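Please look at the structure below and read the paragraphs that follow beside it.

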Amino acid sequence: MQRTPPSVENIARSVRQLLRSGLPLPDGLNDPVLLDLRGVVARSVDPESRLDRVASLSRLLESLIVRYPDDVLSEAARTIFAVTPGTRGTTLTERRARAATEASYDQEHFRKKIEPKIVQRVAWLLHQDAQQYTPRDSGLRGSTPYEVSGDTPYISRDDLSSQDSAEREEAVSELWGYVYFLRAAILRVERLKATTADDVDGQRSLDDAISQRDALIQPLQILIRRYIDRYGETLMSGNAEFRAAQLLRLAGWRGAE
C-alpha cells in the first residue's frame with residue numbers, strides 16, 4: 001500500500017490506459033499505481049488479493065464517475081468509461097463518438113482536448129479519495145485488517161426521508177455496531193494472548209475474552225443474513241462501499257483457533 005498517493009499526473013497516465021476496456025475493469029489488470037491506492041486497498045475485503053483490488057478499484061471508479069462533478073461533461077465521462085447503460089462492451093471508438101455527440105463536440109476535438117480533461121479529473125478524484133484513507137497497524141501478532149478512516153457518520157435528511165430509508169440506515173448502523181464490538185473482542189483476545197504466560201488469572205481472563213468474542217459471531221451472522229435478504233449485498237459507510245457477507249472478515253475474524 002502506498003504511504004502517500006502518486007501524483008495526479010501519474011494516476012492520470014494509468015487511468016488513460018483503462019479507457020480501452022472501460023468498466024468493469026478486466027481481471028488481468030495489474031497496475032500498482034492504481035491497485036495500491038489507499039482507498040482501493042481500504043475497500044478490498046482481502047487486500048492481499050490482486051483480483052479483489054481490481055474489483056475494488058472498478059467499484060470505486062464507477063461510484064466516482066457516476067457522481068462526476070461537472071454538469072457539462074458528466075454524461076460524456078460516464079459514456080467514455082462505459083458506465084452509461086448500453087455502453088458496456090462497446091469499443092472505445094464507439095464510446096468516443098457517442099460522448100462527443102453528448103458533449104456537443106466533434107470527435108477529433110473531443111479526443112484531443114476534452115477526453116484528457118475528463119481523465120485528469122478522474123485522476124484527481126482518485127487522488128483525493130486516497131488521501132482520506134490511512135492504514136492503521138495495531139502491532140498485535142497476526143494479520144490485522146486495514147481500518148478505514150473517512151467521513152464521520154451523521155444523520156442526514158435523506159436518511160429520514162422515508163420509513164424504508166430510516167430502517168435501512170438503522171440496519172446498517174446496527175451491523176457496524178456489531179462489527180466494532182467483534183473487532184474490540186478480537187483485539188482483546190490478541191492482547192491477552194500476547195501478555196498472558198503461565199498466569200492463572202491471566203488465563204482465566206483470556207478464556208472469558210474468547211467466550212465473549214465467540215458469542216458475537218452468531219448474532220452478527222444473523223444480522224448480515226437479514227440485511228442481505230432485504231437490501232442486497234452492498235452497504236455504504238461514508239464514501240466506502242462494502243460487501244455485507246464479508247463483514248466478519250473485515251472485523252478481523254478468521255475463524256476459531
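In which helix do tyrosine 227 and tyrosine 231 both lie? Both are in helix H10 (residues 217-231), four residues apart, which is about one turn of the helix. Helices here are DSSP runs of H or I with at least four residues, strands are runs of E with at least two, and both are numbered from the N terminus. The model is a predicted one, in which local features need pLDDT of at least 70 and side-chain atom pairs count only at pLDDT 80 or more, while totals for chains, interfaces and linings use all residues. Residues are numbered from 1 along each chain as its sequence is written, and side-chain values use heavy atoms, with hydrogens and water left out.

A search of the whole structure finds two aromatic pairs. Rings of Phe, Tyr and Trp (for Trp, its six-membered ring) pair if their centres lie within 6.5 Å; planes under 30 degrees apart count as stacked, over 60 as edge-to-face and the rest as tilted. Tryptophan 176 and tyrosine 180 have ring centres 6.4 Å apart and planes at 50°, so this pair is tilted. Both of these residues belong to helix H8 (residues 163-195), where four residues, about one turn of the helix, separate them. Tryptophan 176 is buried at 14% relative accessibility, whereas tyrosine 180 is partly exposed at 40%. Buried means under 20% relative accessible area, exposed means over 50%, and partly exposed lies in between (1.4 Å probe, protein chains only). Tyrosine 227 and tyrosine 231 form a tilted pair too, with 5.2 Å from centre to centre and 45° between the planes. Tyrosine 227 is buried, with a relative accessible area of 2%, and tyrosine 231 is buried at 14%.

The next topic is the nonpolar interior. A nonpolar core is a set of buried Ala, Val, Leu, Ile, Met, Phe, Trp, Tyr and Cys residues joined through side-chain atoms within 4.5 Å. In the largest core, of 39 residues, those that touch the most other members are Val15, Leu57, Leu61, Phe81, Ile118 and Leu126. Two or more residues each come from helix H1 (8-18), H2, H4, helix H5 (74-80), helix H6 (92-102) and H7. H7 gives the largest share of this core, nine residues. Phenylalanine 81 touches Val15, Leu19, Gly22, Leu23, Ile65, Arg95, Ile118 and Val122, not counting residues up to four places away in sequence. A second, separate core has 22 residues, including Ile186, Leu223, Tyr227 and Tyr231.

Helix H4 can be followed on its own. H4 has 17 residues and reaches 24 Å from its first C-alpha to its last, close to the 24 Å expected at 1.5 Å a residue; the expected span is 1.5 Å times one less than the number of residues. Among the buried residues of H4 are Arg53, Leu57, Ser58 and Leu61. Serine 58 is placed in this helix, which covers residues 50-66, and counts as buried at 9% relative accessibility. The side chain of serine 58 reaches the backbone nitrogen of leucine 25 at 3.2 Å. Apart from neighbours within four places in sequence, serine 58 is in contact (heavy atoms within 4.5 Å) with Leu23, Pro24 and Leu25.

How many salt bridges does a search of the whole structure find? The search finds 10, a salt bridge being a side-chain nitrogen of Lys or Arg within 4 Å of a carboxyl oxygen of Asp or Glu. One of them joins the side chains of arginine 53 and aspartate 36 at 2.7 Å, N to O. Arginine 53 lies in helix H4 and aspartate 36 in the loop between helix H2 (32-35) and helix H3 (38-43), so the pair ties together parts that are 17 residues apart in sequence. Arginine 53 is buried at 11% relative accessible area, and aspartate 36 is partly exposed at 23%.

Lysine 112 and glutamate 108 meet in another salt bridge, at 3.2 Å from N to O. The two are four residues apart in helix H7 (residues 107-130) and so are separated by about one helical turn. Lysine 112 is exposed at 51% relative accessibility, while glutamate 108 is partly exposed at 38%. Glu108, Arg111 and Lys112 are linked in a network of salt bridges.

Conventions: A polar contact is a pair of N or O atoms within 3.5 Å; within protein, one must be able to donate a hydrogen and the other to accept it, and residues adjacent in sequence count only if both atoms are side-chain atoms.
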